[in-house]
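Good morning, and thank you for coming. Please look at the sequence and the structure as I show them, and keep both in view while I speak.

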Amino acid sequence: MVTSRPSAGGGAGPTRWLRAAPTPLALVVLVGLPGVVLGRMYAGHLLTWLMVGAAVGSVLVSVVARRLRSWLVAPVSVAAMVGWTLFGLHLAARRAALPGGVLEVAADAARNGIPRLLTALIPVEPTPDTVLVPLVATWLAGLTGAEVALRAGRSLLGFLPPALLYAGALYVVGPNADPALWPSVAFAAAVALGLVASGAREAPAGDPAAALPPAVRVAVRVRLVAGGAAGVAVVVGLAALLGPALAARVEDRPVDPRRYVEPPRVESLDENPLIRISGWALHPEQELLAVTTLAPAGAQTRIRLAVLSDYDGVTWRVGATYRNAGRILPAAEPGPGAVDTVRQEITVSGLTGRLLPAVATPREVTGARVAYDPATGTLIRPEGLTPGLRYTVTSAREQPDVNLLATADVPAGEEVARVLRVPDGTPEPLRRLAAQLAEDNGAPYARAAAIERFLAEHYRMVADAPSGHAYPNLNFFLFGPRNGGGQRGTSEQFAAAFAVLGRLSGLPTRVVVGFSTRGDGPVRAADAFAWPEVLFSGVGWVPFDPLPRPDAQPRPVEEDFRPPKEEPPPTEVPEPSLEPTATPSVAVSTEGDGVDRGLSAAALTVLAVGVPLLLVGALLGVLAGMRRAQTRARLGRGDPTDRVAGAWRHVTDALRLAGRPVDGDLAATEVALHARQVLVEARAARAGRRTGGAEVPAPAVEPTRGGGGGAAGVLLAAAPTLPAAATPGVEELAGLLNQAAFAPGMLTVAQADRATTEATAYVAALRAARPWWRRLVWSVHPAPLRWRR
């Protein structure tokens with residue numbers, strides 16, 4: 001009778017596959033659930049499907065390749081991961097309308113994937129740089145878990161990589177989505193089912209302890225029961241110990257990892273583009289942009305560059321927190337007015353920086369990677385603007401309902417404290433002017449209109465006004481004498497003055513920098529200007545135009561604004577006093593008062609010449625004192641060894657000051673010969689100057705000790721000799737230095753005194769041989785104070 005093997009038939013094979021299927025299916029669920037969790041903070045479902053596909057692909061490759069050697073599975077799976085990742089990046093780039101090929105997009109995503117993911121605006125648009133890291137992490141978790149659980153048979157250990165991936169997804173989402181309740185329950189259920197299925201598959205048939213002797217069998221079962229009881233006790237103890245603490249933190253807000261990552265930053269010109277107005281006004285023909293309108297925008301359109309909400313009394317700043325954004329920007333709740341759609345194609349030509357111009361309020365940007373601040377509606381391109389950059393922006397432009405302005409109120413509270421803040425140090429004339437303009441205008445819109453009308457009627461707009469909008473600049477712009485440059489400025493001063501006066505009147509204000517366009521074509525520097533905006537409840541931000549009309553003649557400020565008169569003196573006549581009385585200061589300067597209260601020309605000349613001379617003299621005195629203190633410390637402090645070393649440094653510093661420094665490889669005796677030769681040459685040069693410019697040749701010196709070998713001997717070999725007594729030297733000092741080096745502690749005070757005397761005499765002789773102007777500089781030269789020893 002012939003019997004067939006079960007493995008070769010058709011019944012046992014499917015049964016075996018069915019018994020082995022629960023663990024891979026559990027792995028697919030466990031690896032795919034992080035995509036569900038992470039996808040809650042993404043726009044659309046593209047990331048979720050890509051991560052689920054990576055989970056299925058990674059586990060499926062490991063299942064199919066189980067018969068291969070273990071070292072072959074990883075390369076095969078990584079190759080499949082690369083293919084799936086490139087497909088996902090291509091799909092994300094096409095949906096986000098990003099330019100460039102797949103490899104270029106993949107390289108950029110690999111460089112910037114993690115920082116852009118953690119600084120992206122919520123909801124995150126699936127772009128190549130925001131899907132690359134989740135895709136790769138999902139595939140690697142599936143590969144690792146499948147190999148450990150299926151090949152090594154360690155199911156519980158194989159579920160660890162998916163668990164880490166799931167925890168990472170929860171951490172990245174943080175407080176930016178609702179709690180992931182059902183995905184967490186599904187994850188726990190998949191782990192339990194996978195463990196049960198793997199245990200049932202690996203459980204042997206029958207009782208494994210049945211073949212053991214009775215005594216051993218009882219001991220094994222007792223140990224199993226004891227181990228199980230101990231495990232249950234540990235679990236119950238941990239639950240009792242950690243349960244209350246964990247339960248108390250259920251309602252806590254999760255940590256947002258984005259707070260640890262710095263969002264894109266901008267430079268000072270992009271933080272305060274208001275200071276660029278004056279520069280653009282001086283070059284009105286410079287082309288900055290080119291605009292093509294793709295959807296109706298009206299005859300005149302304002303393109304916004306930046307919104308400046310923060311003022312510290314010195315500068316207006318954007319103060320934005322930019323987040324990397326995709327093609328679709330988050331939509332704010334529109335006001336009650338009409339909203340029309342404006343779609344423009346903008347080409348950058350001469351505009352620099354990172355700020356990206358767009359009509360307010362942008363809703364979609366294609367052709368450029370952007371970062372966005374929803375609070376101000378300001379766009380930037382983190383990589384910076386480049387000539388030829390072309391992008392398309394679709395904006396939802398709000399048209400405030402003017403019929404509501406007359407009765408509209410302004411908001412108050414913490415939400416608008418930023419645009420109501422008035423920094424300290426406000427000049428008193430600005431406060432009085434704001435109070436005067438608000439005195440007869442109780443309604444907020446009436447106050448704003450009064451400020452707008454006052455600026456337009458009393459001041460002149462010019463192109464050559466200097467930049468500046470700090471308190472002193474605004475005070476001079478508003479109240480400075482007209483014949484001295486006051487009461488004139490660019491749109492920078494007009495907009496900044498309106499915003500400050502408005503805040504002093506209780507109006508929430510901000511300054512906007514942008515361009516005014518009339519149809520399609522180039523946008524030049526002459527089209528750049530700044531304007532103020534006021535926030536009204538139920539209406540939104542309303543722009544104002546405080547600029548004067550081109551043909552209007554400004555009225556003198558003094559006609560409509562005067563400082564309050566001083567109170568008259570008391571009726572009793574005060575006794576005459578010999579002390580001078582103080583003249584009250586007037587905040588508003590008047591023209592032609594004819595009184596010269598400044599210093600005379602002679603006094604100004606004396607101050608202009610004398611003060612610098614005093615400063616230079618004081619500096620030279622300080623340097624001379626420091627040099628003397630240094631010399632005294634070297635020659636007089638410490639033990640004899642320290643004094644000899646200080647005398648030697650005194651000599652070597654003198655040689656450096658004379659322009660003949662000592663080589664580091666010379667011995668002390670060679671340095672002494674070099675020092676004597678330097679002095680001889682200096683005296684010869686001085687003698688040549690005294691004889692009418694003919695230089696007297698410098699004779700070489702005769703060494704007093706030793707043979708003068710080494711470098712010094714080579715230098716002096718070809719020269720006639722001169723007795724050593726004719727020129728001060730430091731040969732004895734060199735000998736004492738060698739004695740201090742080779743026999744430390746043997747020097748006496750008398751020897752130190754001789755070293756000091758010899759060094760002082762040599763330095764004095766070398767200085768006397770220098771030209772007169774070098775002798776003057778010698779004692780105050782700061783170099784010896786900083787030379788390293």
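Leaving aside its neighbours within four places in sequence, with which residues is V131 in contact? The answer is L47, L89, A92 and P126, where contact means heavy atoms within 4.5 Å.

Before I continue, a word on the source. This is a predicted model, in which local features need pLDDT of at least 70 and side-chain atom pairs count only at pLDDT 80 or more, while totals for chains, interfaces and linings use all residues. Residues are numbered from 1 along each chain as its sequence is written, and side-chain values use heavy atoms, with hydrogens and water left out.

Let us stay with V131, which is placed in helix α6. V131 has a relative accessible area of 0% and is therefore buried; buried means under 20% relative accessible area, exposed over 50%, and partly exposed in between, with a 1.4 Å probe and protein chains only. Between V131 and A92 there are 7.9 Å from C-alpha to C-alpha, although they are 39 residues apart in sequence.

Now the overall picture. The protein has 25 helices and 16 strands; these are DSSP runs numbered from the N terminus, helices being H or I with at least four residues and strands E with at least two. Of the 789 residues in the protein, 42% are buried. Among contacts between residues at least 6 apart in sequence, 77% join residues at least 24 apart.

I turn to the interior. In soluble globular proteins, nonpolar side chains tend to be buried together. A nonpolar core is a set of buried Ala, Val, Leu, Ile, Met, Phe, Trp, Tyr and Cys residues joined through side-chain atoms within 4.5 Å. The largest one here has 83 residues, and those with the most contacts inside it include W280, W316, Y391 and F515. Helix α16, residues 491-504, supplies the largest share of this core, eight residues. A second, separate core has 41 residues, among them V61, V131, A149 and A169.

Next, consider two helices. The axes of α5 (residues 102-119) and α6 (residues 128-151) come within 7 Å and cross at roughly 80°; axes are lines fitted to C-alpha atoms, for helices over the stretch in contact, and angles run from 0 to 180 degrees between N-to-C directions. That makes α5 roughly perpendicular to α6, since angles of 65 to 115 degrees count as roughly perpendicular, under 35 as roughly parallel, over 145 as roughly antiparallel and the rest as oblique. The residues that meet include V105, A109 and L117 in α5 and P128, L132 and V133 in α6.

Where does H469 lie? H469 is in the loop between β11 (460-461) and α15 (471-479). With a relative accessible area of 2%, H469 is buried. Its side chain reaches the backbone nitrogen of W316 at 3.1 Å. Not counting residues up to four places away in sequence, H469 touches, among others, N272, Y311, W316 and E492.

T301 belongs to strand β2, residues 301-308, and counts as buried at 2% relative accessibility.

Finally, two details of the backbone. Most residues other than glycine have a negative phi, and most peptide bonds are trans. A cis peptide bond joins A360 and T361, with omega about -5°. Q487, which is not a glycine, has a positive phi of about 60°. Q487 is placed in the loop between α15 and β12 (488-489).

Key: A polar contact is a pair of N or O atoms within 3.5 Å; within protein, one must be able to donate a hydrogen and the other to accept it, and residues adjacent in sequence count only if both atoms are side-chain atoms.
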